[in-house]
Amino acid sequence: MHKPMLMIPGPTPVPEQVLLALAKQPISHRSQEFTTIMEEVSIALKWLHQTTADVLMLPSSGTGAMEAAIINFLSPGDRVLVAHNGKFGERWCNLAQKFGLEVLTVSAPWGDTVNPQEIGDVLRKNADIKALIITHSETSTGVVNDLGAISQEVRFHDAITIVDAVTSIGVMDVPIDRWGLDVVCAASQKGFMVPPGLGFVTVSPKAWEAYQRATLPKFYWDLAKYRLDGEKQGTPFTPPVNLIMALQVSLRMMGEEGLENIFHRHHRHGMTIRSAIADLGLSILARSGAESPGVTAVVSDRSPEILTKMKEEYGIILAGGQNHLTGKIFRIGHLGYVGDRDILTVISALKSILA
Ligand SMILES: *Cc1c(COP(=O)(O)O)cnc(C)c1O
């Protein structure tokens, strides 16, 4: 008998209480019952995102939130600076180019972090840059960029800061208001302990000013519509009501655990996994000091075999590498609904397979 165990960086495991909300009959999204849920959820989302700004909910995966973050605040031909060091950073480049933006880049090798000073230098030389775009936690490599330092470099510039925080919200500290981040993307299937299907976009007052000037076409992803209806605890279109009911349950669980405890749990799990990997004689792809508390990329030429054996012998699903790292790394997702026992299990299974 194989009891499957999902240890990939999204989708992540979902608590039973959250799953049960999905099994309920859908309710009308124009009912008082739904309005009450939206009210609770929108307050809890601001708490989770550590912001007083709008946190808007979209019926999408993380990439839908990223697309909304581009088309709502920019115009064709705008110059943007994308700082990238992995697959998701490259996605920002592709997305921005598709919409006719002029993309300048600062990059670092996969496994390394982007240099905040380099970003500052480009911004100082190019006053016309409209947005700095960056992936906070680069899931393809298990690297966390120094967003605190980067945000300091943008403070003195007119550009808005657009951040993919898809594997950092609900995993590690992202003080959106303190760092002055303008547009922040997240998704339900990562740290939120909810199945895929909800995207989140946080929008600062400065970003709403940029919205006024932005001319890229938008309809379904027009964030002003979500803000307007959100003020009445509603949504512009039929939302995935069951996912929002599920989110209500997961946000209550997160509230009970507390932000500090959530961050600490992920930090502790990341450290435990990394020290076990070192004991096994393997190395971590991420530069020392920049390792993600939610996803660990392990360097091994035996990765394909390890992935197969973990699945066949223990039912544990891990992720492989992407692009040029295919076959060269395997990735362990340890974000969201992950407890100490899960960490012990994945470590023991790896030990037995590598022995
Ligand atoms: C998962 C993820 C996304 C979103 O991918 P989707 O498949 O569209 O949900 C974006 N950025 C990062 C860093 C991610 O880990």
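## A loop residue with positive phi, and the basis of the model

Gln50 sits in the loop between helix H2 (32–49) and strand E2 (54–58), where helices (H or I, at least four residues) and strands (E, at least two) are DSSP runs numbered from the N terminus. Its phi is near 50 degrees, a positive value in a residue other than glycine. With a relative accessible area of 26%, Gln50 is partly exposed; buried means under 20% relative accessible area, exposed over 50%, and partly exposed in between, with a 1.4 Å probe and protein chains only.

This is a predicted model, in which local features need pLDDT of at least 70 and side-chain atom pairs count only at pLDDT 80 or more, while totals for chains, interfaces and linings use all residues. Residues are numbered from 1 along each chain as its sequence is written, and side-chain values use heavy atoms, with hydrogens and water left out.

## Overall form of the chain

The secondary structure of the protein chain comes to 13 helices and 15 strands. The C-alpha atoms fill a box of roughly 60 × 55 × 35 Å, taken along the principal axes. For 355 residues, a compact globule would have a radius of gyration near 20 Å, and the chain's value of 20 Å agrees with this; the radius is taken over C-alpha atoms, and the globule rule is 2.2 Å times the number of residues to the power 0.38.

Of the 355 residues, 59% count as buried. Contact means heavy atoms within 4.5 Å, and among contacts between residues at least 6 apart in sequence, 73% join residues at least 24 apart. The accessible surface comes to about 14700 Å², of which 54% belongs to carbon and sulfur atoms; accessible areas come from the Shrake-Rupley method with a 1.4 Å probe, and for residues only the protein chains shown count as cover.

## Helix H6 and strand E8

Six of the eight residues of helix H6 (residues 147–154) are buried, so the helix is largely enclosed by the rest of the structure. The buried residues are Leu147, Gly148, Ile150, Ser151, Glu153 and Val154. They pack against helix H5 (116–125), strand E5 (131–135), strand E8 and helix H7 (176–179).

Thr161 belongs to strand E8 (residues 160–164) and, at 3% relative accessibility, counts as buried. Leaving aside neighbours within four places in sequence, Thr161 is in contact with Val154, and also with Leu132, Leu181, Asp182 and Val183.

Ile329 is found in strand E15 (residues 329–333) and counts as buried, with 2% relative accessibility. Not counting residues up to four places away in sequence, Ile329 touches Ser140, Leu285, Ala297, Val298, Val299, Ser300, Ser303, Gly320 and Gly321. The C-alpha atoms of Ile329 and Leu19 are separated by 32 Å, the two residues being 310 residues apart along the chain.

Asn323 lies in the loop between strand E14 (319–320) and E15. Although Asn323 is not a glycine, its phi is positive, at about 50 degrees, and with a relative accessible area of 40% this residue is partly exposed.

## A cis peptide bond

Gly10 and Pro11 are joined by a cis peptide bond, with omega about 0 degrees. Pro11 is placed in the loop between strand E1 (5–6) and helix H1 (16–22). Most residues other than glycine have a negative phi, and most peptide bonds are trans.

The structure holds two cavities of 30 Å³ or more. On a 1 Å grid over the protein atoms alone, a cavity is a set of points where a 1.4 Å probe fits but cannot get out, and lining residues have an atom within 4 Å of a point; grid points are joined across faces, edges and corners, and a volume is the space filled by probe spheres set on the points. The largest cavity has a volume of about 70 Å³, and its lining includes Met57, Leu58, Pro59, Tyr220, Phe237 and Ile244. By class, this lining has ten nonpolar, two polar and no charged residues, where Ala, Val, Leu, Ile, Met, Phe, Trp, Tyr, Cys and Pro count as nonpolar, Asp, Glu, Lys and Arg as charged, and the others, Gly among them, as polar.

The second largest cavity has a volume of about 30 Å³ and is lined by Gly142, Arg274, Ile284, Ala286, Glu291, Ser292, Val295, Thr296 and Ala297. Strand E12 (residues 295–299) gives the most to this lining, with three residues. The lining of the second largest cavity has four nonpolar, three polar and two charged residues.

Key:
1 Å grid on protein atoms, 1.4 Å probe; cavity = no way out; pocket = protein on both sides within 12 Å on 5 of 7 lines; lining within 4 Å.
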